[in-house]
Amino acid sequence: MNSRPDPNESENPMNTPDLKVDALVVGGGIAGMQSALDLADQGYRVALVEKEASIGGKMIMLSKVFPTLDCCSCITTPKMSAVAHHDNITLLTTCDVQALHTNGNGGYTAKVQQNPRYIDADACTGCRQCEYVCPIDLPASYDLDMGATRAIRVPFSTAVPQKAIIDIEHCLLCGKCEKACPTDAVDFSQQPFTFNIETNAVVLATGFQTTPTDAKREYGGGKLLNVIDALSMERLLAPTGPYGHILRPSDGKEPESIAYVQCAGSRDQSLGVPYCSRVCCMYAIKQAMLLSGALPMADITIYYMDIRTFGKGYEQFYQNAKAMGIEFVHGKVARIDEDSEHNPVIRVETIENGRIAERTHDLVVLSVGMLPGENLGPIFDVQPADDGFAAIPDPTLSPSATGHPGVFVTGTASGPMDIVDSIIMAGAAAAQAAAYLETMRSSVAAGPTAIPEVAHV
Ligand SMILES: Cc1cc2nc3c(=O)[nH]c(=O)nc-3n(C[C@H](O)[C@H](O)[C@H](O)COP(=O)(O)OP(=O)(O)OC[C@H]3O[C@@H](n4cnc5c(N)ncnc54)[C@H](O)[C@@H]3O)c2cc1C
């Protein structure tokens with residue numbers, strides 16, 4: 001496989017395809033990976049475009065998954081690996097789709113920009129010698145700024161591909177990494193490179209983001225030191241997490257009393273998020289169970305408006321949590337303050353008796369909700385629905401179809417959902433894309449061919 005092309009020749013007109021595939025999948029989270037694998041296993045050539053330096057999406061950041069409590073790394077990494085090694089998948093990381101045009105034959109041409117890693121990805125072996133000598137310590141973005149990383153790094157221990165990337169904004173250009181690299185892979189001269197992908201079908205799997213921790217000001221997220229969000233707790237609980245322990249931010253103490261505040265970013269008109277994010281009840285129960293194991297002496301309380309356990313085995317999971325001694329308080333949290341030792345103080349109106357109570361905990365976790373990851377309107381002409389996620393013209397009978405022939409949406413790009421539903425929907429999108437490709441088959445003159453100008457990283 002070739003390394004990067006000449007940056008001076010980095011602009012291609014839209015009518016010159018560098019890569020021809022049957023399907024373009026945008027987004028390498030669990031939904032995108034599953035759609036890509038389902039199509040590739042049927043013999044279709046797929047290009048998977050991911051904007052980050054590794055595939056895996058949010059799922060690879062999680063500790064364990066409800067309701068099975070499987071280790072997330074253990075079940076996500078093999079999928080990531082399968083994508084990277086599949087003969088029919090061209091994996092393109094650090095890439096953004098900048099434009100998508102119909103090509104007049106029922107297919108599309110995507111203009112894609114590959115952003116530089118400043119590393120020759122073909123030469124890099126992921127040995128991390130560069131990382132060990134880098135003098136710049138930075139907050140680890142993968143660990144949501146808990147723990148530290150280096151300006152040059154492999155993004156995280158289970159990243160796919162295992163290739164380094166340089167955070168050029170923070171790099172001193174001291175050259176220590178260049179000297180340490182045994183394969184001469186460091187290349188500060190790399191530039192963004194634009195190329196075209198010709199495809200007959202497109203699957204959009206751009207995922208979600210969580211509601212900002214500080215969205216609900218009454219809850220003090222982003223201001224009170226010991227109020228964190230649930231994704232941060234996922235990293236604290238993960239075996240690959242920053243500390244290997246559950247430590248609260250203000251003083252590094254192990255918390256003895258932990259509270260979850262539900263609907264801290266969903267079902268709240270004041271935040272513009274009136275819908276239920278569907279995963280927060282279950283992930284809070286899951287985290288509470290994991291915390292019971294990690295901190296057996298800790299008291300764990302979940303403040304909730306409703307508990308929604310809609311999936312297979314979910315209600316039993318909830319009942320198990322209650323049996324483990326996790327306290328469920330039916331009430332709406334009005335606000336969170338802190339005492340002189342930074343202990344969060346929760347003010348809650350209990351629903352059963354209408355009383356206002358104040359309770360102090362060592363650590364509060366906000367069960368933040370789901371927002372769309374990307375506005376798919378400008379580039380893909382898939383407009384947002386009222387909730388901001390991709391509008392689906394026929395959500396009952398055709399939940400993946402966007403209304404544009406051959407363009408499908410899947411996973412949380414289409415609305416809040418858990419991993420099980422993301423995988424089911426990814427399969428549905430792949431099946432619909434395959435059906436579309438079959439209708440196209442007669443009109444496609446030549447079979448798909450990859451032209452090796454594009455670094456497959
Ligand atoms: C705190 C928390 C805990 C959770 N725990 C569980 C659990 O235990 N069990 C469970 O079933 N679910 C859980 N979930 C839900 C789970 O995370 C999601 O269902 C799942 O990650 C959705 O996958 P996805 O592929 O749709 O989106 P994502 O994981 O968001 O992946 C989207 C991918 O697309 C990429 N992307 C975005 N825009 C572009 C673009 N323009 N070009 C290229 N790439 C792009 C992103 O970088 C990302 O890699 C949890 C969620 C949270 C917030």
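I started at Leu144, which is partly exposed because 19 other C-beta atoms lie within 10 Å. The scale I use: buried means 20 or more other C-beta atoms within 10 Å of the residue's own, exposed means 12 or fewer, partly exposed is in between, and C-beta atoms are placed from the backbone. Leu144 sits in the loop between strand 9 (137-139) and strand 10 (148-150). Its phi is near 55°, a positive value in a residue other than glycine.

Ground rules, before I go on. This is a predicted model, so I note that local features need pLDDT of at least 70 and side-chain atom pairs count only at pLDDT 80 or more, while totals for chains, interfaces and linings use all residues. Residues are numbered from 1 along each chain as its sequence is written. Helices (H or I, at least four residues) and strands (E, at least two) are DSSP runs, numbered from the N terminus.

**Backbone, continued**

Why look at these spots? Most residues other than glycine have a negative phi, and most peptide bonds are trans.

I found Leu173 with a positive phi of about 55°, although it is not a glycine. Leu173 belongs to the loop between strand 12 and helix 4 (176-180), and it counts as exposed, with 11 C-beta neighbours inside 10 Å.

Next, the cis peptide bonds. One joins Phe66 and Pro67, with omega about -5°; Pro67 is in the loop between strand 4 and strand 5 (70-71). Another joins Val160 and Pro161, with omega about 5°, and I placed Pro161 in the loop between strand 11 (152-153) and strand 12 (165-166).

**Ser340**

Is Ser340 buried or exposed? It counts as exposed, having 5 C-beta neighbours inside 10 Å. I find Ser340 in the loop between strand 19 (327-338) and strand 20 (344-350). From Ser340 to Ser81, 259 residues away along the chain, the C-alpha atoms are separated by 49 Å.

**Helix 1 and helix 9**

I looked up helix 1 (residues 30-41) against helix 9 (residues 419-440): they pack at about 40°, axes 8 Å apart. Axes here are lines fitted to C-alpha atoms, for helices over the stretch in contact, and angles run from 0 to 180 degrees between N-to-C directions. That angle makes helix 1 oblique to helix 9 (under 35 degrees is roughly parallel, over 145 roughly antiparallel, 65 to 115 roughly perpendicular, the rest oblique).

On the helix 1 side the contact includes Gln34, Ser35 and Asp38, and on the helix 9 side Gly427, Ala430 and Ala434 are among the residues. Contact means C-beta atoms, placed from the backbone, within 7 Å.

I also checked the length of helix 9: at 1.5 Å a residue its 22 residues should span 32 Å, and the end C-alpha atoms are 31 Å apart, which agrees. Buried residues in helix 9 include Ile423, Met425, Gln432 and Tyr436. Their cover includes strand 2 (23-26), helix 1 and strand 24 (407-409).

**Helix 6 and helix 7**

Last pair: the axes of helix 6 (residues 280-294) and helix 7 (residues 314-323) come within 10 Å and cross at roughly 40°. So helix 6 is oblique to helix 7, and I logged the crossing as left-handed. Met282, Ile285, Ala288 and Met289 of helix 6 meet Tyr314, Phe317, Tyr318 and Ala321 of helix 7.

Terms used:
Left-handed = near helix turned anticlockwise from the far one by under 90°. Contact = placed C-beta atoms within 7 Å. Expected span 1.5 Å × (residues − 1).
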